[in-house]
Amino acid sequence: MIEKKPKPDKQEYTIMIVPHQGKLIRSFSMNDKVIKCGIAILCAGALLLGGSYVNFNMKLKVAQAEKVELEQYRLNNGSQQAQLEQLVQDTAVLQEELNRLNKLEAELRGIVKNEQATGTSRSGIERPSPANQGQGGPVAKPTVQELTALVQQMKATAKAKEENLSELKAELVAIQAQQAITPSIWPAQGDVTSRFGWRQSPIGWGRDWHPGLDIANSYGTPIVATADGEVVESGWNGGYGKMIRIDHGNGIATVYGHNSSNLVDVGAYVKKGDVIAYMGSTGYSTGPHVHYEVRVNGNAVNPASFL
Ligand SMILES: [Zn+2]
């Protein structure tokens, strides 16, 4: 409760505080200068408060905008994360394809090596280049789009290469199979004592037709099959003595004569390089050697053309 006392020169205000029952009434007075000062302080306080509110509001708006931005960033980041995971999966698939290529390449190398070991390659197919020359990852940090494009490109390359190599493998397997049944190695180690063709007869007078190749070595030297095939004859055959004949298919057969002993029976299937007999001098022979013949459709041909 404020009571105004009429004093012209100096206005003074008395402030009375009336408490609840049974307590003293307090009163104190102040002049208008103090009041004005108080009002000024209050106004300044209100202005400050208002300014602070505006400032707070602005900061709140900025914070909200930043939050929206952050959410957007998180969304984008999540999307990129998903793309990156897809890329990782694609890369794994690609790796598997490349592993298959490497395996295929290893198989091819084995076939080519085998082919070279027999020294009879007539395929004309060049040694295949390594399945993967290495694409080389980008040096600069690529975008997800660039990575995706790269993976797609590598996938296509790997697929095309796999198809090419598969075709090459099939071709080489066919060549290898053909070579397996083609007489292409020497039947025994030793010296060539008589070639294919007309020669001075070793037994008796005059010249005779020699339908094979004579290779001489010590008694018991191993004689091997010069190609895969089936034994169709194993036993005594006149001047050939103990003889073996192997059918290699495609009208091709090989004959091994004058053996001391045969190791395979008719019906046996032998592989190129298998020991089939031991060298001897049975039949019309002047010393231990193998008489080796190659027959095409029953006709003896020069074995040298196969060696
Ligand atoms: Zn002979």
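Which residues does Ile246 touch, not counting residues up to four places away in sequence? In this predicted model, Ile246 touches Ala225, Gly229, Glu230, Val231, Val232, Ala253, Thr254 and Val270, where two residues are taken to be in contact if their C-beta atoms, placed from the backbone, lie within 7 Å. Residues are numbered from 1 along each chain as its sequence is written. Because the model is predicted, local features need pLDDT of at least 70 and side-chain atom pairs count only at pLDDT 80 or more, whereas totals for chains, interfaces and linings use all residues.

The protein chain has 2 helices and 16 strands, these being DSSP runs numbered from the N terminus (helices H or I, at least four residues; strands E, at least two). Of the 307 residues in the protein chain, 18% are buried; a residue is called buried if 20 or more other C-beta atoms lie within 10 Å of its own, exposed if 12 or fewer, and partly exposed in between, with C-beta atoms placed from the backbone. Among contacts in the protein chain with a separation of 6 or more, 62% are accounted for by residues 24 or more positions apart. The mean pLDDT, the predictor's confidence in each residue from 0 to 100, is 83 for the protein chain, and 83% of its residues reach 70 or more. Over residues 119-133, however, pLDDT stays under 50, and the model has 20 contacts beyond four places in sequence for them.

Helix α2 (residues 144-180) has 37 residues and reaches 52 Å from its first C-alpha to its last, close to the 54 Å expected at 1.5 Å a residue, the expected span being 1.5 Å times one less than the number of residues. The buried residues of α2 are Ala158, Lys161 and Leu172. Leu172 is also touched by Ile111, together with Val173 and Gln176, when residues up to four places away in sequence are not counted. Ile111 is found in helix α1 (residues 32-118) and counts as partly exposed because it has 18 C-beta neighbours inside 10 Å. The C-alpha atoms of Ile111 and Lys169 are separated by 8.4 Å, although these residues are 58 residues apart along the chain.

In soluble globular proteins, nonpolar side chains tend to be buried together.

Two strands are taken to pair if DSSP finds at least two bridges between them. Strand β7 (residues 213-216) is joined to strand β4 (residues 191-194) by 3 bridges and runs antiparallel to it, with Asp191 standing opposite Ala216 in β7. β7 also pairs in the antiparallel sense with strand β15 (residues 289-296), over 4 bridges, and there the bridge partner of Leu213 is Tyr292. An open sheet of 3 strands has the order β8-β14-β12, with antiparallel pairing; its edge strands, each pairing on one side only, are β8 (222-224) and β12 (261-262). Within this sheet, 3 bridges join β8 to β14, and Ile223 has Ala277 in β14 as its bridge partner.

Strand β9 (residues 229-236) pairs in the antiparallel sense with strand β13 (residues 269-270) over 2 bridges, Glu230 standing opposite Tyr269 in β13. A further 6 bridges join β9 to β10, which run antiparallel, and the bridge partner of Gly235 in β10 is Met243. β9 and β10 form a hairpin with 5 residues between them, and Gly238 in the turn has a positive phi of about 50°.

Most residues other than glycine have a negative phi. Asn250, although not a glycine, has a positive phi of about 55° and is placed in the loop between β10 and β11, where Asn250 is exposed, with 11 other C-beta atoms within 10 Å. His258, likewise not a glycine, has a positive phi of about 70°; the place of His258 is in strand β11, and this residue is buried, with 26 other C-beta atoms within 10 Å.
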